[in-house]
Amino acid sequence: MMNKILTIMWKDVRVLFGDWATVALIIAGPLVLALGLGLVTGGFGADDGLAISRIPVLVVDQDGGPIATALRDVLTSDDLSDLLAPEALADADAARARVADGEAAAAIIIPPGFSDSFLPDAMTGDMPAAVAAQVVADPGAPIGAAVVRGIVEEFTARVATSVAGVRLGLTQLATSGAVPPSELAAVGQQLGEGAFGDTTNAAAASLIRIDRQSVTTTGGDDFNALAYFAPSMALLFLMYAVTLGARTLLAERREGTLPRMLAAPVSAGQVLGGKVGGIFLGGFMQLSALILLTTLLFQLNWGNPLIVLLLVVAAALAATGWGLLIAAAAANAGQVTSLGMAVTLLFGILGGSFVPLENAWPALDALSRITPNRWALDGFTALASGETAAVLMPVAALLVMAVVLFAVAALIFRRRQGALLTA
Amino acid sequence: MTPPILTAKDLRKKFGDFEAVKGISFSVLRGEIFSLLGPNGAGKTTTINMLSCLLPPTSGTAEIAGHAIPGDTLAVRRAIGVVPQEIALYDSLSARQNLEFWGRLYDMRGQELTQRIDEVLDQVGLADRAKDKVKTFSGGMKRRINIAAGLLHKPQLLFMDEPTVGIDPQSRRRILDMVRELRDGGMTVLYTTHYMEEAEELSDRVGIIDQGRLIALGTQAELTRVVGEQETLRLHLAEEAGVALAGVNGTAGAPATMSADGSVALFSGLPGVLRASAVDHQIVVNVADAGAALPAVVGRANTAGLHVRSVDIEQPNLEAVFLHLTGRGLRD
Amino acid sequence: MLNKLTAIIRKDTALRFEGRSELLFFLILPLIFTFLIGGGLPAAGGGGDNRLLVPVADEDGSPRSAALLAALADGDVVRPEAMSRAEAEALLADEDAAAALIIPAGFGAALSADGLAAGQEAAVTLLVSPTSNVAPAIEGEVNRAVSALARPLLVARNATEGVAAVRPFADETARAAFFAAALAAAEAEAAPPARVVTEVAAGGNAYDQRAQASAGQLITWVFIPLLGASGLFVYERLMGTLRRLLTTPTRKSTFLLGAIGSQYLAALAQMAILVLFGVLVMRVPWGRDPVALIVVLATFGLAGVALGTALGTFVKTEGQASNLSIMLGMAMALLGGAWWPMELFPAGLQQIVRVLPTTWAMSALTDITMRGQGVADILPEAGVLLAFAAAFFLVGLWRFRYE
């Protein structure tokens, strides 16, 4: 009896993996996508740095004063050479046009009077009206433009703070009478020289340090973008693989092979068991193959193998449940394919496979919990960071999901088509 | 005499090294049903495809309703209607949607088209199923809609390529009746088939085609005259005898040998036996006088171990003509 | 001719939407994806707060840390929310936040006069998720808030140290008194004038996730069915209708034009709906230069339908066509910058993806929705898209067979 179920299971798995196009899609597809997404969003094994290319920035210095020169020095300094790719330009309009064309993330235009506007009037001590540097941003490169703007703002703030310090010190000295008015100019000169000695030294100018720490949801120091995208893509395609399996339920009925199986000395339960088992086994093998391949090819550490296996079984069961539900709801095999693809993509985006939806509203987070993708991904990330106990919850959730979906699918099958197998 | 609507002159078609049609010439007269009869692979469909402008002839020409092939293909296509051998319909559209589409491709539109669709639906007896998708139809119904799509624009000449393949006897009956009605309504029909009975029942004239050549052409009476006063003995063998027949032929040096083309040498030398050929579980024997030859033929078959269940004596027919000309039977 | 064209277009449309499931990919999924990726509804009339959530664990609880929180909240990029460190870390771990700020105990003390004098260092910790592409923006905002908070302190310290260098203080008390007076004066000063102004190139809008989502998803979901059109050719071949078409008095060019035209019209309709959705629901400024928009969408549609036609001559089954169209469509859209700004790509990749039509389409749509460009500026992209269309059509025509 088990033998017949296994025969049917194996037949389905062989059909699934026998078509090279399908294998390419469900095995190579997630591998390539995980690699691609990893490349795009963070590189591999890189430290915490954002793996973007050097930001192209245009610099137009119409001022030529000392502070403008200092700003240009900062932009071309070694500290920033990994971040920026500055290019000096004479014509502001040309720079604007090139940013508008998307050729540079931003242009910094330093207008005439920029340097002078930082210094108080020599006679009155009043500050002249500020002449602001212009950062022309390309909205198509929001991050690069923001980084450039941040650098310029930090620089001008530092200079302004130094000047303000000198002014304040001088004012205090004058009002307290510690320095006679006749000497004020000379003292001011001295103060200024002291303050501007190190405008390019960032550390001297900051009071509050910001420790930036990369927190990996996958744990460990060597965060690997692949460690996030490999399971998320594998789960995306797991959903697709099970819908391919579920499709055969309806296709076999149409093609008459299902009734023919029933004409053989096999019970309906065995046939159904074999078919459902086949869907499960197909998904299980696809997920396992991907885990094995990424382990071998990219040295990805998935965690304790036994618990990984448990999680894979749970995830494949829950996905099979969804596959059955889709098959139960669909009218024909073609609908299973398109519904399945739609559900695959929807679960993918809800489960965070495409873009992180971290900024979306809370309802979305709740919604994502109906997807096996979300739970299994939680499980895999916990496992990879060695939090074995944290896997219990996802596994339990996936199993409950599977049981509920199996029951609902069975109910719909029974109600909608009477006996599934005798159509 | 009625003028021809179609004249083919030495049509040839080569596919690579294989010559499917080896120079065919014939005319189809206005208002007749002209059948091209021949076994599968004889070149019937290739001929039809050349005449319906699907395939350019390798050499040779044809003229249909005054338009030349090769040359004025658009005008030719306007004059003809084609019922292809496969069911060429959009199965997820309704019967009416399909007919509307094909009608428009023949430059029909509006009221005229709607009216004409109603007419052909009546004609093929599917008016009540017009709104149903073609994929819900039975094989016979699909065949009928397939024909209807070729009739919409009232073509002067209708090509029907094996329109009865693979359907039940009732549907076939219905289609054959329809073809005759079309002819009676003034349409010219070029009909291809490998069923001898269809050609006999329908045709005003028949062209027999084999291995890319037209080997006989004429009315049924003219053709059967070729075999003269010959008669045909049809020996029905038991199922296992069919196997035995093949076995006999497979044995080296056995007296009865069936050549690759199906001719049977078992009866050669018997008085009055002209030719014999095996088709499935039957052996067809051309004889000068059925009554005289019968005992010897049956005796020889029994000696060879072939269990003869029954024998038919047939008057001269197209099958006999084919056998006479090719030494082989027409196969189903 | 026109009669035949409309017949072919009507037939194709009926075939395509016969199963209803086509609507899923034509309309439903595109709208859902645009909505989700765009971050939902815009904050219209004080409805919701669309700023990025940044959990802040204030373990210091001093007026200084409160001031930092206030400075952070005083921007239009992030929405700080005070909570415990564990809660903050949990949000981060669940990818519900891209970054979390920890203000450790002792922060305020280090910034007091005594702390400064003693050279204590104030520090905050910013935990960022490495997979997030909004983390840099949050980092910039934290930088801004921190400088705002530190400014008076820095000014007072600079003044004190500067003065000490030229006129040394008599003792620590004098120094402290000077610092206190300087700090009071610095804090009383009006906020410094802006020394950097940002303008968006060509008067466009600032980067907008909604515009990115609306444009990017349009490209993705218009492209997929256009590639899927290859399946229709397969269907016609399998059904034998392609051969039958040749026996009717219909030119090959009429048939191709009709088949392609129906796909094209459907794509235009789909684009119109997605643009309307973008304008009405997502409030994306699609309509700034309608002519430019029409030129880009029209040429993009042509490139897509041409690629679908070329593809149709290669695929053998409808299943292949549907799988291939989704995979290829997704991949090309992804690599074309439809899902993330292209600047996130490695430099080499940015050059390589220029061979994709989606890259050019996305660049042109970004020009229109964000960069505020007009017809003249998108002509190069439109030209490249037309060239793609011509090339793919040529491949399709060259390979096209009726069986």
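1. Domains of chain C. In this predicted model, the domain assignment divides chain C into domain 1 (2-41 + 208-399) and domain 2 (51-190); such bounds come from an automatic or database domain assignment. The centres of domain 1 and domain 2 of chain C, taken over C-alpha atoms, are 50 Å apart.

2. Conventions. Residues are numbered from 1 along each chain as its sequence is written, and chains are lettered from A and ligands numbered from 1 in the order in which they are written. Because the model is predicted, local features need pLDDT of at least 70 and side-chain atom pairs count only at pLDDT 80 or more, while totals for chains, interfaces and linings use all residues.

3. Overall form of chain C. The C-alpha atoms of chain C fill a box of roughly 110 × 45 × 40 Å along the principal axes.

4. Make-up of chain C. Chain C has 17 helices and 5 strands; these are DSSP runs (helices H or I, at least four residues; strands E, at least two), numbered from the N terminus. Of its 403 residues, 54% count as buried. A residue is buried if 20 or more other C-beta atoms lie within 10 Å of its own, exposed if 12 or fewer, and partly exposed in between, with C-beta atoms placed from the backbone.

5. Chain contacts. Among the 2 pairs of chains in contact, chains A and C share the most contacts (two residues are in contact if their C-beta atoms, placed from the backbone, lie within 7 Å). Chains A and B have no contact, and their closest C-alpha atoms lie 12 Å apart.

6. The A-C interface. Chain A gives 94 residues to this contact and chain C gives 95 residues. On the chain A side, helix α5 (residues 142-176) supplies the largest share, 22 residues.

7. Strand β5 (residues 208-214) of chain A runs parallel to strand β4 (residues 122-128) of chain C, joined by 7 bridges; two strands pair if DSSP finds at least two bridges between them. A:Ser214 has C:Val128 as its bridge partner in β4(C).

8. B:Gly125. Where is B:Gly125 placed? B:Gly125 is in the loop between α4 (110-123) and α5 (139-151) of chain B. B:Gly125 is partly exposed because 13 other C-beta atoms lie within 10 Å. Leaving aside neighbours within four places in sequence, B:Gly125 is in contact with B:Arg144 and B:Arg174.
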